[in-house]
Amino acid sequence: MNRARSWQLPAALAAVLAGAPISAQTTAPTPAPQPAPAPSPLNFSGLIFGSYNYQLPTTPSPLAGQTDNQFILDRAYLTFRMPAGDRTSIRITTDVYQTTEGTANAYTIRAKYAYLQYDQPKFANGASLLGRIGILHNVVIDHEENFWPRYISQTPVERAGYFASADMGLAGQLTLPNKMGEVYTTIVNGPGYTSRENNRFKDYAIRLSLTPLANNTDMPLLQTFTITAWGYKGATSSSFVNGGTGQVGAIGEALDRSRGGIFVGLRDPRLVLGGEFAQRHENGEQGANTVASPRTLTDVSGRLLSAYTVVRPFAFANASGKSPFGIVARYDAVKPSTSTSGYVAPPAPSTDNAYHLIIGGVFYDLSQKAQIALDYQESLASNNGVSLSPPAQSKGYFAHFVVNF
């Protein structure tokens, strides 16, 4: 009897356990919550734009049946940003472009921007200060690209050859309190980011941009109204800096290369307006720096006037204030030489090397990040004198595209 009871007790216990809920049989530990993955410190973005262009003849007798046209990738900018310690960061922007060098590659890559940036903590009044070293923005072109669409054409001063959009050197930027504007200064090599340093002189530049109506809520359309004044003091070496056989000696003085201008703009999603006046001054040389052909210094002054608009007319009638359709128009009047001096044979008073640029077209937003445009462009010159010649004459139809990512 005792043996039977001893056998029945484990059997009953097993039956009770078998009939109990599973949750009562096992108590699994609750897994610890997994921390969210840390965001990557690397910030990557890009900009790609290109076009198809159909060029029209600019001479009375072009070659029979010849019409130049091409598909082209104008630029591919890939930008990498990331922090590099407290208050320091880096930016590298690649520039993929159609090469003009004597190489077998149709496209090549170079650095457009590559700099270290230091950000000073904000001041009590809201102002902020930063410094940069490396290949960085030149004084005014990047600022004006906030108003004019770069994928359709370069800004007026860049297209007219005043200076490159980027260069190697130092820069500082002071952002004024209460959104009132900024001051930007640079010390750069001078030749631009597409070539290495070629002389011992440096170029100095400063830009002051003011937005006096930024805090005026009664007139939102004018909050982005901007007045910009800028100056650029540059210098290049003489062609006879090292002297040579038969020359009277080496020339160590600098040749002046100065620019300056005023820009006024308005940047609203519905309407963009821009107007610019700029001047340039160049020193040049004539002669062979010999006794028989002495070196003489020449002076050339030039001028640029530009006006443009980017408008979305249907956005004003739309309750949302948005419209994917827009119109773009621009006119540049460029005079590479408004006055000259020092030339052995100066140009006759009737000659003029002025030229104009006309751009007109429409655009459409494919999405928030992509846009296409159909436009006509012409750059046609008057009678060309000596000194600085305008670029090659051209006129044609374009189909542009741009995408940001």
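The model is predicted: local features require pLDDT of at least 70, side-chain atom pairs count only at pLDDT 80 or more, and totals for chains, interfaces and linings use all residues. Residues are numbered from 1 along each chain as its sequence is written, and side-chain values use heavy atoms, with hydrogens and water left out.

Strands (E, at least two residues) are DSSP runs, numbered from the N terminus. Two strands pair if DSSP finds at least two bridges between them. Strand 9 (residues 226–237) and strand 10 (residues 254–267) run antiparallel and are joined by 12 bridges. Gly231 stands opposite Gly260 of strand 10. Strand 10 is also antiparallel to strand 11 (residues 271–286), with 11 bridges between them. Here Val264 has Gly275 of strand 11 as its bridge partner. Strands 10 and 11 form a hairpin, with 3 residues between them.

Met82 belongs to strand 2 (residues 69–83). Its relative accessibility is 32%, so Met82 counts as partly exposed. Buried means under 20%, exposed over 50%, and partly exposed in between.

Ser209, in strand 8 (residues 203–210), has a relative accessible area of 4% and is therefore buried. Its side chain makes polar contacts (N or O atoms within 3.5 Å, one able to donate a hydrogen and the other to accept it). The partners are the side chains of His143, at 3.4 Å, and Arg207, at 2.8 Å. Beyond four places in sequence, Ser209 touches (heavy atoms within 4.5 Å) residues including His143, Met180, Glu182 and Thr228.

Two loop residues have positive phi. Lys179 has a phi near 60° and sits between strand 6 (166–175) and strand 7 (181–188). Lys179 is exposed because its relative accessibility is 61%. Asn289 also has a phi near 60°. Asn289 occupies the loop between strand 11 and strand 12 (296–311). With a relative accessible area of 2%, Asn289 is buried. Most residues other than glycine have a negative phi.

Definitions and conventions. Helices (H or I, at least four residues) and strands (E, at least two) are DSSP runs, numbered from the N terminus. Buried means under 20% relative accessible area, exposed over 50%, partly exposed in between (1.4 Å probe, protein chains only).
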